[in-house]
Amino acid sequence: MIFRSLPGDKLEAEYIERYLGHLTPMQESTLIHLRQWLQETHKGKIPKDEHILRFLRAWDFNMEKAREMLCQSLSWRKQYQVDYILQTWHPPPIFEEYYAGCWHYHDRDGRPLYILRLGQIDTKGLLKAVGEEAILRHVLSINEEGQRRCEENTHLCGSPIRSWTCLVDLEGLNMRHLWRPGVKALLRIIEVVEANYPETLGRLLIVRAPRVFPVLWTLISPFINENSRRKFLIYSGNNYQGPGGISDYLDKEIIPDFLGGESMCNIPEGGLVPKSLYQSDDDAETSDHIRLWTETIYHSAFIYKGAPHEIAAEILEVESVITWDFDVLRGDVLFSLFHSKRAPEVRQKDPASVTTTTTSSNNVQLMDKNWVLGADYKMLEAPLVCREGESIQGSHVTRWPGFYILQWKMHSPSSGSSMARVDDVLASLQGSSHKCKVMYYFEVLASEDFRGSMSSLESCSGFSQLSGVTNSSNKSHSSSVISR
């Protein structure tokens, strides 16, 4: 809990020194006035002085701005029951093996220390296995636990411990960490944390930063406020081991063994999340919690024999970029991209065209069966055969305004062969002959935004091959870049 009631309108010097740290007379006065305002306008308990101070320090003791942000945060905490997250949040078992992070003693200043081996985490697999809602709740629980440990260390040390230290090991970080849906989820999490946990991070030590790190930093740094960025210390290669390295902030017996220290760190190994553990929006576990995010980055769809799944993007600006990322979870599918000047309409599935008695509410068909290829719509790329278990990423630079339709269609061997008929019968007996499943994400970017992100990639010398492929798509204005 972050709340308590404190009577009176004066702060004792001993109390300030013991729990709050140095305050000028003006800062003390601002804290008292903000606390009094909360007592007069908020029912029940009010935040602790330490919590109020975090917002005041984040906004350089601008009372009006700090009050606005604090009130928004208090409403957020109440709406989503964040005060009880340490009691109610139980991480899915997959976190115990694949989320490579844990609390580990403290730094030389008495701050609680959290270690995250980000380079060992399959961020894409974890996102698809548990969803961004679970990852956000886990991050919030870490922040809540960090505040609890700060209070505990304050009592143990006899002096105020207001923030915690995070050590991030980036060994293993590569392009799979930079795919757009993952970065988008990361930015959403940063936004929530920055708004509700100001001044809780005392120091961020980033070690073994690889050559791909500048790309990630370019993407996320604009979303981190200047006060937080000043607390980042970044070490490439083995520079963290020399003078001015992490030994200036952590005792050797605290530094983990995988960074050359003496401490055995009980941290999960991480690694690739098996696709068999991927969850989709239709089979995710229900929760009694109010959802922090009402929308999800990834969606899932069933594809039936005779009933493809289709999504459309209306393009008003030519040279926009359509990007997609999807996994084939069951069966084999054909992926196609079409263009039409006609606006497609969601229509009810024709039961006669679906050779199974089961239909799914997340199967959508847009192109009318009476549409004529070449007249009402045209194919922009030859259909791509995507096998079960494959991951597909791609982009397309648009040439014309109108509607661009992404289609997933069931792929099966030629029905004319006797072997194909045998395969259909066997599959039917197994209950899977007429149903495929995909988990997908797509986004439309303005051309300048896409070129900007590609320029970041080109600035890193390790990506000349990727940049070359992307440039070829920009020059053609209509081709796709697809990778498995």
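**View 1. Arg208 and Asp169 are joined by a salt bridge between two strands.** In this predicted model, the closest N and O atoms of Arg208 and Asp169 are 2.8 Å apart, a salt bridge being a side-chain nitrogen of Lys or Arg within 4 Å of a carboxyl oxygen of Asp or Glu. The pair links distant parts of the chain, with Arg208 in strand β4 and Asp169 in strand β3 (residues 164–169), 39 residues apart; strands (E, at least two residues) and helices (H or I, at least four) are DSSP runs, numbered from the N terminus. Both residues are buried, where buried means under 20% relative accessible area, exposed over 50% and partly exposed in between (1.4 Å probe, protein chains only). Arg208, with a relative accessible area of 14%, also has a positive phi of about 55° although it is not a glycine.

Residues are numbered from 1 along each chain as its sequence is written, and side-chain values use heavy atoms, with hydrogens and water left out. Because the model is predicted, local features need pLDDT of at least 70 and side-chain atom pairs count only at pLDDT 80 or more, whereas totals for chains, interfaces and linings use all residues.

**View 2. Lys231 and Glu199 form a salt bridge between two loops.** The N to O distance of this pair is 3.2 Å, and its partners lie 32 residues apart, Lys231 in the loop between α10 and β5 (232–236) and Glu199 in the loop between α8 and β4. Lys231 counts as buried at 19% relative accessibility, while Glu199 counts as partly exposed at 22%. Glu199, which is not a glycine, has a positive phi of about 60°.

**View 3. Helix α3 (residues 49–58) is mostly covered.** Ten of its ten residues are buried, among them His51, Ile52 and Phe55. These buried residues pack against several helices, including α2 (25–41), α4 (63–79) and α7 (123–157). After α3 comes Asp60, whose phi is positive, near 55°.

**View 4. Helices α1 and α3 cross at roughly 75°.** Their axes, which are lines fitted to C-alpha atoms over the stretch in contact, with angles running from 0 to 180 degrees between N-to-C directions, come within 11 Å. This makes α1 roughly perpendicular to α3, a term for angles of 65 to 115 degrees. Tyr15, Tyr19 and Leu20 of α1 and Asp49, Glu50, Leu53 and Arg57 of α3 make the contact, meaning heavy atoms within 4.5 Å.

Notes:
Angles under 35 degrees count as roughly parallel, over 145 as roughly antiparallel, 65 to 115 as roughly perpendicular and the rest as oblique.
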